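Hello,

Here is the structure we talked about handing over. Please open it and keep it beside this email as you read.

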Amino acid sequence: MEKYFAREVDVIVIGGGHAGCEAALASARLGLKTIMFAINLDSIAMLACNPSIGGSSKGHLVREVDALGGEMGKNIDKTFIQTKMLNTGKGPAVYSLRAQADKHRYAAEMKKTCENTENLTIRQSEVTEIIVEDKTVKGVVTSSGAIYNAKAVVLATGTFLRSRCLFGETIIESGPNGFMAASKLSESLKENGIKLFRFKTGTPARVDRRTVDFSKMQIQHGDENIVPFSFTNIGKDLEREQVPCYLSYTTPKTHEIIRENLHRSPLYAGVIEGVGPRYCPSIEDKVVRFADKERHQLFMEPEAENTNEMYVQGISTSLPEEVQIQIYRSIIGLENVEIMRSAYAIEYDCIDATQLKLSLEFKEIKGLFGAGQFNGSSGYEEAAAQGIIAGINAAAYIKNTEPLILKRSDAYIGVLIDDLVTKGSNEPYRMMTSRAEYRLLLRQDNADERLTEKGYKIGLISEERYKDYLLKQELIKEEMERVSKIIVTPTEHTNEVLRQYGSTEIKTGMKLYDLIKRPELDYFKLAPLDLERPELRSDITEQVNIKIKYEGYIVQQQNQVEQFKKLENKLLPTDFDYSEIKGLRLEAIQKLNKIKPLSIGHASRITGISPADITVLLIFLEQNKGKF
């Protein structure tokens, strides 16, 4: 094959999935000539697995991407067919928005956005080689021999690298949904010193809705009050007719069929090399690991409005096709179901993310960035979150400005990247609220308060949007100050309102601010006692309620963050050989030299670094004050 020079750009993004789209859009919107390669243009923003965006903790990531100026939230607001706020029975820290997407429209709208973004070109081609000179990335080569030069490259290959799909004895060398795999790039990465892992994930069958008996299932409607993902859509009318989902269950017969055929599962037969996600197990895994459970729930989710395909959420499997048919037909309501697309497991190459800096740039190759499932994570939302950071930092690298590094106290995105880069992962990493130690501060409702100013300073948030954000913050502050001055007097009307919610009557005047803090009361329930309350948008009143009601807990976490910052501000040299520090254990020296932590706080989160090692590092810094 003869090579030829095709083009020179600023940024090349390899992969057109959720990470690739956000990376490419971010760099292009920051004024850099960008080209995004996809193995097939029809795979851009493809929802290869579940047809939904958001969910527990993942909804936080979507809101954060939006607050920085990303596209995922806007795109799902255009294309959802059902929306639901999850975990509303718990505190606001774990509220999470989830929307069923019309998967066809979702991909089409994102492709349309990419096609019409200034500075961004999309190109169908397989990238087979990265060009690296003097430990600096210089461009890529495609399967047709085309050479594209660039100042920065983002690897966002998703599940396409040397991917293969498996069900039973059937093995197909292919990417998700039958798209071609990227078979050659892995070798080029290895030749450049990049260590690859093998991970796997799976997807359920798609079935014909005409063969499902919904009368045996529990209907699951969306929320009446539609809450948008994008802060730009708050206050806008997003009302539309929502499509229902349905809840059903496996049966003892289902479990019997699975147990009898476990030896034919590639996972249990040892055919699959890759490690799968612990928090999204196949139905085989569920039956084996939870043998005492008589049934497992599943959801029937529509793939789109213009198709009869339905996604069987909760029943992913890699068992043979004929066994799959038996399994699905043993489920309540699916006795006569017809499968349209078989379930399968997919395994693929990805990296140990400890090879990256917190900016998502490779430590050993300048200008080369990683994002999404390539970094060992799972999920569309995790991918988009890494994508926008990689795109922003590729631009920062080219412009020679400081990279955007979000701390664990800034965002779930900060937790996600810190976990991947500092600890690595021996299985596909999934974001969960329990991973965020400051989750009361990192709520989905205040993502704009935490990140919009950063997005504005970077250049992804418009002047108009920033002014709207500042006005919102001012209105929240004014309303909180107004509420703090209101004294509620102990009248019969007052006590009647309090009794209505099981709250203790008052005998002397009491601040409305303090009444809101009572567990059984809130800002909204006390509206009858606040007759001069102004008309305010729902997102503003929501913030007022949360900030007052949880004030004590919020202050407590803010104090913890301040303590955390002291360790984060104790910076460590990034080009230092830790074997020179006496008193460090051999394991600590090896881990510190591998990760090259930015600070004492960063070092403290590395697996295998003990409190004693941190003490040694603190003494070392004190003795060498001013040298680094």
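Which residues in H2 meet which residues in H12? Arg63, Glu64, Ala67 and Leu68 in H2 meet Ala447, Asp448, Arg450, Leu451, Thr452, Lys454 and Gly455 in H12. Contact means heavy atoms within 4.5 Å.

Some ground rules. This is a predicted model, where local features need pLDDT of at least 70, side-chain atom pairs count only at pLDDT 80 or more, and totals for chains, interfaces and linings use all residues. Residues are numbered from 1 along each chain as its sequence is written, and side-chain values use heavy atoms, with hydrogens and water left out.

**The helix pair**

H2 covers residues 58-68 and H12 covers residues 447-458. Helices (H or I, at least four residues) and strands (E, at least two) are DSSP runs, numbered from the N terminus. The two axes come within 7 Å and cross at roughly 35 degrees. Axes are lines fitted to C-alpha atoms, for helices over the stretch in contact, and angles run from 0 to 180 degrees between N-to-C directions. By class, this contact of H2 with H12 has 4 nonpolar, 2 polar and 5 charged residues. Ala, Val, Leu, Ile, Met, Phe, Trp, Tyr, Cys and Pro count as nonpolar, Asp, Glu, Lys and Arg as charged, and the others, Gly among them, as polar.

**A buried serine**

Look at Ser186 in helix H5 (residues 185-191). Ser186 counts as buried because its relative accessibility is 1%. Buried means under 20% relative accessible area, exposed over 50%, and partly exposed in between (1.4 Å probe, protein chains only). Ser186 touches Leu161, Arg162, Leu196 and Asp349, not counting residues up to four places away in sequence. Leu161 is 25 residues from Ser186 along the chain, yet their C-alpha atoms are separated by 6.6 Å.

**Two asparagines with positive phi**

Most residues other than glycine have a negative phi. Asn87 has a positive value, near 65 degrees. Find Asn87 in the loop between strand E5 (80-86) and strand E6 (96-101). Asn87 is partly exposed, with a relative accessible area of 25%.

Asn400 also has a positive phi, near 60 degrees. Asn400 sits in the loop between helix H10 (380-399) and helix H11 (412-423). Is Asn400 buried or exposed? Asn400 counts as exposed, at 72% relative accessibility.

Best wishes
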